[in-house]
Amino acid sequence: MGKFKILLIFPIGRNLFISAFFYIYLHKFWEMRKMSRHSISFIGLDFAGKTTVATYLSTGRIIRDFRPTLDINYTEVIFDQIDYMFLDYPGQAKLRHSWNKCLAVSRFLVYVLDISTPGRFLEAEDVLTKVLKRKDMDHIPLIFLYHKTDLDKSGNKLKYAKLFFDREFIEQFGERDVRFFDTTIEKPKTLDVVKNYMVDHIVELAKAHSYLDL
Ligand SMILES: Nc1nc2c(ncn2[C@@H]2O[C@H](COP(=O)(O)OP(=O)(O)OP(=O)(O)O)[C@@H](O)[C@H]2O)c(=O)[nH]1
Ligand SMILES: [Mg+2]
C-alpha cells in the first residue's frame, strides 16, 4: 500500500512541477513581450532623481521622501489608450548590474543627470557611455534630462553640464533621436513638456515599427 501511495503521488507531483514550470515560463515570456513593446528605461546615477521623475511622469505625483531604489521598479502606465512599462533602475554602483536584464528590451531611454553635482559628471559619463555602447542600444531614442536646475541659481552648473553632455557626445555612439530638456521637480511644467514629447514620439515610433494595433 505504501508503495502504491508513492507511485500515486509521484505523477501528481510531477504534473504540478511541469504545470508550474510552464506557468512561470509563459508568465515571463508574456512580461518580456509586453515590456519589449513600449518599455521606457530611466537610468542615471544614484540620487540623480530618476524615481522622482518617473513617478511624476507616470502619476503626476511629486514625491519628496528619498528612498533609494534597490531593485527595478516596474510601473504600467496608460497614455492615450496605449500602455507603457516604466522601468526605474537602481542607480547605486553596486546595483547597476541589474540594468542588463531590462535594457535589452527597452525601446526608449531617459537619462537623468543631476546637474548640481559636477564632481560626478565623469562617473555619469562613464555610466551613460557603457549603456550607449551596447549593441542592443543601437538607434534607441534618448531623452537627456539636465535635472535639478532649481539647485543652480547662477546657471553655471547647467552651462557646464551642457558642455560636458552635448549632442556631439551622444552622437559618437551612433545615430539615434536625442532630445535634451532642462528639468526640475520644483517646476512640474518642465516635466510636462517631457511627457508630451515622450508620448508623441513613442506613438510615432510604434507606428513606424508597427508594433501597435492602432
Ligand atoms: N532640488 C531638487 N531635488 C530633487 C529634484 N528631483 C529629485 N530631487 C531629490 O533628489 C533625491 C533623489 O531623488 P530620487 O528620485 O530618489 O533619485 P534616484 O535617481 O531614483 O536615486 P536611486 O534610486 O538611488 O538611484 C530626493 O531627495 C529627491 O527629492 C529636483 O528637481 N530638485
Ligand atoms: Mg530611485
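Two residues are in contact if their C-beta atoms, placed from the backbone, lie within 7 Å. By that test, and leaving out residues up to four places away in sequence, Leu 145 touches Val 53, Val 110, Tyr 111, Val 112, Leu 113, Phe 181, Thr 183 and Val 194. The model is predicted.

**The nonpolar core**

The largest nonpolar core holds 37 residues. Leu 145 is among the members that touch the most others, along with Phe 42, Val 53, Val 110, Tyr 111, Val 112 and Leu 113. Two or more residues each come from strands E1 (39-43), E3 (82-88), E4 (108-114) and E5 (142-147), and likewise from helices H2, H4 (121-132) and H7 (188-208). E4 gives the largest share, six residues.

**The sheet**

Six strands make up an open sheet. Their order is E2-E3-E1-E4-E5-E6, with mixed pairing. Strands E2 (73-79) and E6 (178-183) stand at the edges. Each has a single partner strand, so one side of each lacks a neighbour in the sheet. From one strand to the next, the twist averages 20°.

E1 pairs with E3 and with E4, as the table shows.

| Strand pair | Sense | Bridges |
|---|---|---|
| E1 and E3 | parallel | four |
| E1 and E4 | parallel | four |

Single residues mark both pairings. Ile 40 stands opposite Phe 86 in E3. Ile 43 stands opposite Tyr 111 in E4. E1 itself is mostly covered, with four of its five residues buried.

How many residues lie around ligand 1? There are 22. Thr 51, Thr 52, Phe 66, Thr 69 and Gly 91 come nearest. By type, the shell divides into seven nonpolar, nine polar and six charged residues. Helix H2 (residues 50-59) supplies the largest share of this shell, three residues.

Is H2 mostly covered or mostly exposed? Seven of its 10 residues are buried, so by the cut-off each of those has 20 or more other C-beta atoms within 10 Å of its own. The buried residues are Lys 50, Thr 51, Thr 52, Val 53, Ala 54, Tyr 56 and Leu 57. After the helix comes Gly 60, whose phi is positive, near 80°.

Pro 188 is found in helix H7. Why does Pro 188 count as partly exposed? Because 14 other C-beta atoms lie within 10 Å, a count between the limits of 12 or fewer for exposed and 20 or more for buried. Pro 188 and Leu 57 are 131 residues apart in sequence, but their C-alpha atoms are 9.5 Å apart in space. Beyond its neighbours within four places in sequence, Pro 188 is in contact with Tyr 56 and Ile 62.

Technical notes
Residues are numbered from 1 along each chain as its sequence is written. Chains are lettered from A and ligands numbered from 1 in the order in which they are written. This is a predicted model: local features need pLDDT of at least 70, side-chain atom pairs count only at pLDDT 80 or more; totals for chains, interfaces and linings use all residues. A residue is near a molecule or strand if its C-beta atom, placed from the backbone, lies within 6 Å of it. Ala, Val, Leu, Ile, Met, Phe, Trp, Tyr, Cys and Pro count as nonpolar, Asp, Glu, Lys and Arg as charged, and the others, Gly among them, as polar. A nonpolar core is a set of buried Ala, Val, Leu, Ile, Met, Phe, Trp, Tyr and Cys residues joined through C-beta atoms within 7 Å. Two strands pair if DSSP finds at least two bridges between them. Axes are lines fitted to C-alpha atoms, for helices over the stretch in contact, and angles run from 0 to 180 degrees between N-to-C directions.
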